[in-house]
Amino acid sequence: MSKFIIDIHRKDHCLEIGAEKAEKELRPTYNLFYKEQSCGCLYCNENNIWIYEPHGHEALILSAEEIQHLGKNIVEQDAV
């Protein structure tokens with residue numbers, strides 16, 4: 001399984017989010033990592049909207065635009 005790194009640019013810094021395709025999922029689903037720690041998963045629903053589900057207290061605070069940006073960029077890198 002290959003891991004992708006996606007940059008989310010913020011006003012004062014850049015977040016580097018790792019993504020790895022989840023196995024055995026029917027819809028496009030990716031496990032997310034920040035600083036090598038699992039922080040949730042991202043999946044595309046039936047309406048083509050990316051949904052972020054955090055894992056317990058290890059979560060990222062992302063805006064709706066950042067979640068969609070992350071999903072779009074992951075799919076683009078996964079296609080290469």
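Start with the largest nonpolar core, which has 18 residues. A nonpolar core here is a set of buried Ala, Val, Leu, Ile, Met, Phe, Trp, Tyr and Cys residues joined through side-chain atoms within 4.5 Å; buried means under 20% relative accessible area, exposed over 50%, and partly exposed in between (1.4 Å probe, protein chains only). Select Ile17, Leu32, Leu42, Tyr52, Leu62, Leu70 and Ile74, the residues with the most contacts inside this core. At least two core residues come from each of β1 (3-9), β2 (14-21), β3, β4, β5 and α1 (64-79). Helices (H or I, at least four residues) and strands (E, at least two) are DSSP runs, numbered from the N terminus.

Before going on, note that this is a predicted model, in which local features need pLDDT of at least 70 and side-chain atom pairs count only at pLDDT 80 or more, while totals for chains, interfaces and linings use all residues. Residues are numbered from 1 along each chain as its sequence is written, and side-chain values use heavy atoms, leaving out hydrogens and water.

Now centre on Ile17. Leaving aside residues up to four places away in sequence, Ile17 touches Phe4, Ile5, Ile6, Ile8, Leu32, Phe33, Tyr34, Leu60 and Leu70, where contact means heavy atoms within 4.5 Å.

Next, show β5. Trp50 and Tyr52 make up its covered face, and Ile51 and Glu53 its uncovered one. β5 pairs with β4 in the antiparallel sense over four bridges; two strands pair if DSSP finds at least two bridges between them. Click on Tyr43 and you will find its bridge partner in β5, Ile51. Five residues separate the two strands of this hairpin, and Asn48 in the turn has a positive phi of about 65 degrees.

Rings of Phe, Tyr and Trp (its six-membered ring) pair if their centres lie within 6.5 Å, and planes under 30 degrees apart count as stacked, over 60 as edge-to-face and the rest as tilted. By this rule there is one aromatic pair: Tyr30 and Trp50, tilted, at 6.2 Å centre to centre with 45 degrees between the planes. Tyr30 is in strand β3 (residues 29-34) and Trp50 in strand β5 (residues 50-53), so the pair ties together parts that are 20 residues apart in sequence. Both residues are buried.

Finish at Glu36, in the loop between β3 and β4 (37-44). Glu36 is exposed, with a relative accessible area of 67%.
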